[in-house]
Amino acid sequence: MEELRIEANGNLGPIDSSRVPRYAGAATYARLPRLDQVAKADVTVVGVPFDSGVSYRPGARFGANAVREASRLLRPYNPAWDISPFENIQVADAGDMAVNPFNINDAIETIQQNALDLTASGSKLVTLGGDHTIALPLLRAAAERAGGPIAMLHFDAHLDTWDTYFGAEYTHGTPFRRAVEEGILDTEAISHIGTRGPLYGKKDLDDDHRFGFGIVTSADVYYQGVLETVAKVRDRIGNRPLYISVDIDVLDPAHAPGTGTPEAGGLTSRELLEIIRGFRGMNLVGADVVEVAPAYDHAEITGVAASHVAYELVTLMADRAVEGDRFGAPNGYAAQALGQESRRPAGFAGAAASSKSVSTPSASTPAESIRITEPAEALK
């Protein structure tokens with residue numbers, strides 16, 4: 001059957017949903033073309049159906065396809081950024097990596113090599129997991145492509161810097177400890193966002209601090225707000241090559257029930273999307289969205305959230321591809337609502353609202369009041 005796709009600026013985009021119903025046809029991410037249908041991709045979306053590293057509920061091996069199914073409703077124009085990402089760059093779906101479900105070491109090697117192969121021509125990766133074990137080989141590949149240690153933002157309810165589980169060094173709770181030990185992370189520019197919940201002991205925090213991680217807890221986001229969170233993180237990362245890893249359990253179970261290790265008190269999906277939008281202009285070189293376990297989901301709540309997170313990450317890469325310095329530019333619905341952007345979408349108040357005094361800090365100004373746990377001096 002003929003595929004009726006949107007084409008713009010020489011890029012092959014999603015299937016035209018005004019001509020082919022969204023529920024029809026194969027479910028590639030956002031109904032985008034397969035990698036073998038385009039000459040070259042600027043951004044490649046790839047799935048890693050692997051969950052042999054989980055410590056609690058399995059099922060994330062089915063996450064990538066659940067996110068693809070939920071992404072059928074995504075549309076080509078992103079009003080929060082005022083851009084059409086699939087027009088700016090060529091985005092394609094590479095399908096799934098075939099990894100060994102019985103041998104974690106072998107799986108890690110396969111993921112790393114596949115990531116290197118997919119980025120050999122300059123493409124960036126947005127990876128759909130899979131459990132968080134896959135972040136380590138993806139970080140290895142991203143650091144190799146960047147030519148040295150990279151910055152990282154880690155959205156998660158958990159630290160994922162534990163040493164071992166049952167003697168195993170490679171699990172979904174250990175990837176970032178291994179990454180620091182291997183020297184592939186810039187320890188002056190790494191942070192967790194959204195952490196919360198009980199730990200095994202205070203030593204977990206002490207170790208994490210020693211590795212160089214800053215921490216913005218979910219409570220920090222609640223009390224300090226999205227704009228201050230963004231400003232502090234941007235100030236910490238700067239324009240370094242950046243990898244963003246999103247465990248969907250960073251969201252509260254109300255917003256993401258379909259995950260393996262849920263924790264109460266998480267971010268809302270609105271907060272997470274607005275934080276990512278606030279990173280406009282940052283040098284994103286790779287990203288993943290992991291730990292979607294559809295067996296525990298309801299009405300695709302988690303899949304929909306994850307598909308939108310991936311969409312914002314792709315948009316960040318697409319916006320970066322346009323000429324001009326956007327670092328620190330106000331962005332997102334919060335900036336629009338506060339009158340920090342001249343373009344005001346239909347439905348927003350006009351002069352009456354803009355004439356009011358707004359005391360909320362600008363998204364482009366680093367805020368000193370946000371509490372962020374800074375890393376130990378030894379690893380700076």
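Helix H10 is mostly covered, with 16 of its 20 residues buried. The model described here is a predicted one. H10 runs over residues 301–320 and reaches 29 Å from its first C-alpha to its last, which is close to the 28 Å expected at 1.5 Å a residue.

**Nonpolar cores**

- The largest nonpolar core holds 55 residues, and the members that touch the most other members are Tyr29, Leu153, Phe155, Ile244 and Phe279.
- Helix H10 supplies the largest share of this core, namely 10 residues.
- Another core, of 30 residues, lies apart from the largest one, and Ala107, Leu138, Leu139 and Leu185 are among its residues.
- Phe279, one of the residues touching the most other members of the largest core, is in contact with Leu153, Phe155, Ile193, Val230, Val233, Arg234, Ile244 and Leu316, when residues up to four places away in sequence are not counted.

**The crossing of H3 and H4**

- Helix H3 (residues 104–118) and helix H4 (residues 135–146) have axes that come within 8 Å and cross at roughly 35°, and the crossing of the two helices is right-handed.
- On the H3 side the contact is made by Ile108, Ile111, Gln112, Ala115 and Leu116, while H4 contributes Pro137, Leu138, Arg140, Ala141, Glu144 and Arg145.
- Sorted by kind, the residues of this contact of H3 with H4 comprise seven nonpolar, one polar and three charged.

**Thr195, in a strand**

- Thr195 has its place in strand S7, which covers residues 185–195.
- Thr195 counts as buried because its relative accessibility is 7%, and buried means under 20%.
- Not counting residues up to four places away in sequence, Thr195 touches Asp156, Ala157, His158 and Leu159, and also Ile215, Val216, Thr217 and Ser218.

**Thr164, in a loop**

- Thr164 is placed in the loop between strand S6 (150–155) and helix H5 (175–181).
- The relative accessible area of Thr164 is 35%, so this residue is partly exposed, a term that applies between the 20% limit for buried and the 50% limit for exposed.
- Once its neighbours within four places in sequence are left aside, Thr164 is in contact with Glu169 and Thr174.
- Thr164 and Arg177 are 13 residues apart along the chain, and their C-alpha atoms are separated by 9.7 Å.

Terms used. Residues numbered from 1 in each chain as written. Predicted model: local features only at pLDDT ≥ 70, side-chain atom pairs only at ≥ 80, totals over all residues. Heavy atoms only, no water. Helix = DSSP H or I, 4+ residues; strand = E, 2+ residues; numbered from the N terminus. Buried < 20%, exposed > 50% of the residue type's maximum accessible area, 1.4 Å probe, protein only. Contact = heavy atoms within 4.5 Å. Expected span 1.5 Å × (residues − 1). Axes fitted to C-alpha atoms, helices over the stretch in contact; angles between N-to-C directions. Left-handed = near helix turned anticlockwise from the far one by under 90°. Nonpolar A, V, L, I, M, F, W, Y, C, P; charged D, E, K, R; others polar. Core = buried A, V, L, I, M, F, W, Y, C linked by side-chain atoms within 4.5 Å.
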